[in-house]
Amino acid sequence: MEFESYFPIWDKLNKQQQERIKNSLAFRQVKKGTIIHNGNMDCTGLLLIKSGQLRAYILSDEGREITIYRLFDMDVCLFSASCIMRSIQFEITIEAEKNTELWVIPSEIYKSIMEASAPVANYTNELMASRFSDVMWLIEQVMWKSLDKRVAAFLLEESAIEETNELKITHEIIANHLGSHREVITRMLRYFQNEGMVKLSRGTVLITDEEKLRELSK
């Protein structure tokens, strides 16, 4: 499938707008670990995922990471073009979690079309509202949910994404997703192992009791 099949509101653009986007599109293939967007000084443009997986996260002053959302096939990332929103300054980093193919719509092109098209403006507002909901959900989790519940929920989410109970993931990566320290995550996972919920080996977390883990995550 081509770009037209992936962009949700393609049919709501007029011919001229469609041509402007098609003529300005950049198609990129990025390897796992590539930083695609880095902070509000980097106005990369809108990202539309063809295949792969991206992670959007923020950094604390101490250098700790916390994931705010992830992007999969056919998802659109607007925060990578936050410069089109005058009142929004959002320090966000976007990294490829897997080898990814994506299109980039230049910020200035999208902004000019958005200002002239009510359907594009409405879509943009809906997308922004959805992402801010993700951020608010994360804040609630960090403030009100204990770390053991968050770790359990993360392992279950990761298992669903990868479609396996054998997760090839390090303790440091889990810590980066959850805004914690590697040592804290290691202690938590050892507790899970002692309780029979997981089995740990180098670079791998095997979920051995999904129901017990799910009960803990509630």
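**Figure 1. Overall view of the predicted chain.** Of the 218 residues of the chain, 46% count as buried, that is, under 20% relative accessible area with a 1.4 Å probe and protein chains only, where exposed means over 50% and partly exposed lies in between. This is a predicted model, in which local features need pLDDT of at least 70 and side-chain atom pairs count only at pLDDT 80 or more, whereas totals for chains, interfaces and linings use all residues. Residues are numbered from 1 along each chain as its sequence is written, and side-chain values use heavy atoms, with hydrogens and water left out. The chain has eight helices and 11 strands; these are DSSP runs numbered from the N terminus, helices (H or I) having at least four residues and strands (E) at least two. Along the principal axes, the C-alpha atoms fill a box of roughly 60 × 35 × 25 Å. Among the contacts (heavy atoms within 4.5 Å) with a separation of 6 or more, 69% are between residues 24 or more positions apart.

**Figure 2. Close-up of the open sheet S1-S8-S3-S6.** Four strands form this open sheet in the order given, with antiparallel pairing; two strands pair if DSSP finds at least two bridges between them. S1 and S6 stand at the edges, each with a single partner strand, so one side of each is left without a neighbour in the sheet.

**Figure 3. Close-up of strand S8 and its two partners.** Five of the six residues of S8 (residues 100-105) are buried, so this strand is largely enclosed by the rest of the structure. Strand S1 (residues 26-30) runs antiparallel to S8 and is joined to it by five bridges. Phe27 has Trp103 of S8 as its bridge partner, and Gln29 has Glu101. Strand S3 (residues 46-51) also pairs with S8 in the antiparallel sense, over five bridges. There, Ile49 is bridged to Leu102 of S8.

**Figure 4. Close-up of helix H4 and its cover.** H4 (residues 118-144) has 27 residues and reaches 38 Å from its first C-alpha to its last, close to the 39 Å expected at 1.5 Å a residue; the expected span is 1.5 Å times one less than the number of residues. The buried residues of H4 are Val120, Tyr123, Thr124, Leu127, Met128, Arg131, Val135, Leu138 and Gln141. An α-helix has 3.6 residues a turn, so residues three or four places apart point the same way. The cover over the buried residues of H4 includes strands S5 (65-71) and S6 (76-77) and helices H3 (107-116) and H5 (147-162).
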